[in-house]
Structures are given as C-alpha cells and as structure tokens.
Amino acid sequence: MRGADAGPRPFLPALPAFFTGLLYAPSSLDAAFDLVKNWSAEARENLRNDVPRLGLAAAIHGRGLREVAAEVLRIARMGLAKRNRRNARGFDETMFLAPLDAVLAEGSEAERLIAKFKTQWAGSIAPCFEECVY
C-alpha cells in the first residue's frame, strides 16, 4: 500500500475509486469475499512474498494475479456503477479506474520503468530521478 500515495497523477484517484467500488456496495464486498474466502493464510503469505518479485505474474491457487486483478477490478467497477454518482458531464466514478485497466492491458509502472532501465536508460537509474518526479 505504500506506493499508493505516489506515482503518476491518474493513479491517485484510481485507488480510492477502486476501494469505494469494492467496499461501499454490499454486493461487491460479498463478491470480493467470495473470491478470496478459500485462500489459506499460507497461500496469501506466498502471494505477498511473490508479488514484489513477480508482480502480476505471481499466482495463487493456480490463477495468475493478472487474472485475479481483472476480476477484482470488474467487481469494483460494478460497485461504482451501482453508486451511480455522476459528474456534471454525466460520467460516473468508473472513469477513475481507467489507469488500472491500462495496467492490466499494457503492464504496470514497475514493468514500464524496468523496460526503460534495460533499454533507453542503458542500465542507469539516474533518468528515474527526472522522469519519476510526481
């Protein structure tokens, strides 16, 4: 959770929208619980240990985390849609989830930065101090 308060601007409203969608609609909260209720403490701990190293390539109970994340994002989107809170232009809160959709489709910020480190940054972290000033 520490990384939740830093990063590119579009991700900042994505986090509260994500949790609002999961926690404020009882049906979404129930669906999220159904997803994880059979995960053992050991499986959760293994996932927690794998994620820093593997990111969305980590797995739990034979399911890739990217697949699990897509399901959780669908549940959050459902919860936000039920709230039906709209801005002056008629958009509901699901619009804030777009950066998370992009992560699932295109890769995480960590994956993007690692790719730059290996290619255009030629193994230097110095450019990170310029590019990652949020």
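Which helices do the buried residues of α5 pack against? They pack against α1 (11-23) and α4 (65-83), where contact means heavy atoms within 4.5 Å.

This is a predicted model, in which local features need pLDDT of at least 70, side-chain atom pairs count only at pLDDT 80 or more, and totals for chains, interfaces and linings use all residues. Residues are numbered from 1 along each chain as its sequence is written, and side-chain values use heavy atoms, with hydrogens and water left out.

Helix α5 spans residues 98-106, and its buried residues are P99, V103 and L104. Buried means under 20% relative accessible area, exposed over 50%, and partly exposed in between (1.4 Å probe, protein chains only). Helices are DSSP runs (H or I, at least four residues), numbered from the N terminus. The buried residues P99, V103 and L104 lie on the same side of α5 because they cover an arc of only 145° around the axis; the arc is that of the directions from the helix axis to the C-beta atoms. A105 and E106, on the other side of α5, are exposed. Just after α5 comes G107, with a positive phi of about 115°.

The cysteines come next. Zero disulfides are found in a search of the whole structure, a disulfide being a pair of cysteine sulfur atoms within 2.5 Å. The sulfur of C128 has its closest cysteine sulfur in C132, 3.4 Å away, which is too far for a bond.

| Cysteine | Relative accessibility | Class |
|---|---|---|
| C128 | 25% | partly exposed |
| C132 | 18% | buried |

How values were computed
Helix = DSSP H or I, 4+ residues; strand = E, 2+ residues; numbered from the N terminus.
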